[in-house]
Amino acid sequence: GSHTLTKMDSQLLKPLVLVILILIAIYTFVKKDLGQEVTKSISRRRTWTYGILLAMVVGFYDGFFGPGTGSFFVLGFVILLGFEFLKASAYAKVVNCVANVASLSLLIPKGFFIFPIALVMAVANGAGSFVGVRYALRKGNVVIRKIFLLVVILMICRYAYDVFVSYDLIKWFGL
């Protein structure tokens with residue numbers, strides 16, 4: 001994904017991501033029990049297969065766009081592997097961290113990195129993660145599901161802004 005980002009305009013795929021986010025929000029809102037408890041017991045082989053496919057698809061997205069990667073991992077772990085939200089969120093943190101390091105290994109040498117800003121953001125991210133994990137462990141899956149839905153809605157707003165205002169899709173289609 002990071003390599004593709006250096007070769008094409010990411011704006012071209014934002015309308016597709018917007019549609020996917022809207023579908024995710026609808027699915028999560030309608031399916032009230034989503035991620036509330038473990039729903040599947042699948043074989044180790046199938047777990048690895050689904051996990052690898054999920055990592056490849058979401059990893060590409062992460063390298064190309066970035067924002068919301070953790071939410072996509074959480075949803076993938078819940079739907080494909082049957083995890084509950086707390087466990088899915090924990091796994092998403094680890095996988096997302098590895099994906100970020102992989103992206104940085106390509107983006108830093110190409111000059112797409114501003115160290116002072118990254119350092120401040122890393123410290124803030126660490127502090128936010130610490131507080132968030134403590135809160136998630138205290139409140140459990142019901143609250144995590146609500147926060148997940150809120151994050152997806154905020155991402156929809158961000159991408160809708162990018163697609164309809166910032167990128168000016170109306171001009172793009174010549175209307």
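Reader: Which way does α4 pass α5, in a left-handed or right-handed crossing?
Author: The crossing of α4 past α5 is right-handed (the near helix is turned clockwise from the far one by less than a right angle; anticlockwise is left-handed). This is a predicted model, in which local features need pLDDT of at least 70 and side-chain atom pairs pLDDT 80 or more, while totals for chains, interfaces and linings use all residues. Residues are numbered from 1 along each chain as its sequence is written, and side-chain values use heavy atoms, without hydrogens and water.

Reader: At what angle do the axes of α4 and α5 cross?
Author: They cross at roughly 130° and come within 8 Å (axes are lines fitted to C-alpha atoms, for helices over the stretch in contact, with angles from 0 to 180 degrees between N-to-C directions). That makes α4 oblique to α5 (under 35 degrees is roughly parallel, over 145 roughly antiparallel, 65 to 115 roughly perpendicular, the rest oblique).

Reader: Which residues of α4 and α5 meet?
Author: From α4 there are Thr 69, Gly 70, Phe 73, Val 74, Phe 77 and Val 78. They meet Phe 85, Ala 88, Ser 89, Tyr 91, Ala 92, Val 95 and Asn 96 of α5. Contact means heavy atoms within 4.5 Å.

Reader: Where does Asn 96 lie, and what does Asn 96 touch?
Author: Asn 96 lies in helix α5. Leaving out residues up to four places away in sequence, Asn 96 touches Asp 62, Thr 69, Gly 70 and Phe 73.

Reader: Is Asn 96 buried or exposed?
Author: Asn 96 counts as buried, because its relative accessibility is 18% (buried is under 20% relative accessible area, exposed over 50%, partly exposed in between, with a 1.4 Å probe and protein chains only).

Reader: And Thr 69, buried or exposed?
Author: Thr 69 is buried, with a relative accessible area of 1%. Thr 69 lies in helix α4, and, residues up to four places away in sequence aside, touches Val 58, Tyr 61, Asp 62 and Asn 96.

Reader: What is Val 74 in contact with?
Author: Val 74 is in contact with Phe 85, Ala 88, Ser 89, Ala 92 and Phe 148, leaving aside neighbours within four places in sequence.

Reader: Changing topic. How do α2 and α4 cross, left-handed or right-handed?
Author: The crossing of α2 and α4 is left-handed. Their axes come within 12 Å, at an angle of roughly 50°, and α2 and α4 are therefore oblique to each other.

Reader: Which residues make that contact?
Author: Ile 20, Leu 21, Ile 24, Tyr 27 and Thr 28 come from α2, and Phe 72, Leu 75 and Ile 79 from α4.

Reader: What about Ile 147, where is it found?
Author: Ile 147 is found in helix α7. With a relative accessible area of 40%, Ile 147 is partly exposed.

Reader: What share of the residues is buried?
Author: Of the 175 residues of the protein chain, 33% are buried.

Reader: And what share of contacts joins residues at least 24 apart?
Author: That share is 75%, among contacts between residues at least 6 apart in sequence.

Key: Helix = DSSP H or I, 4+ residues; strand = E, 2+ residues; numbered from the N terminus.
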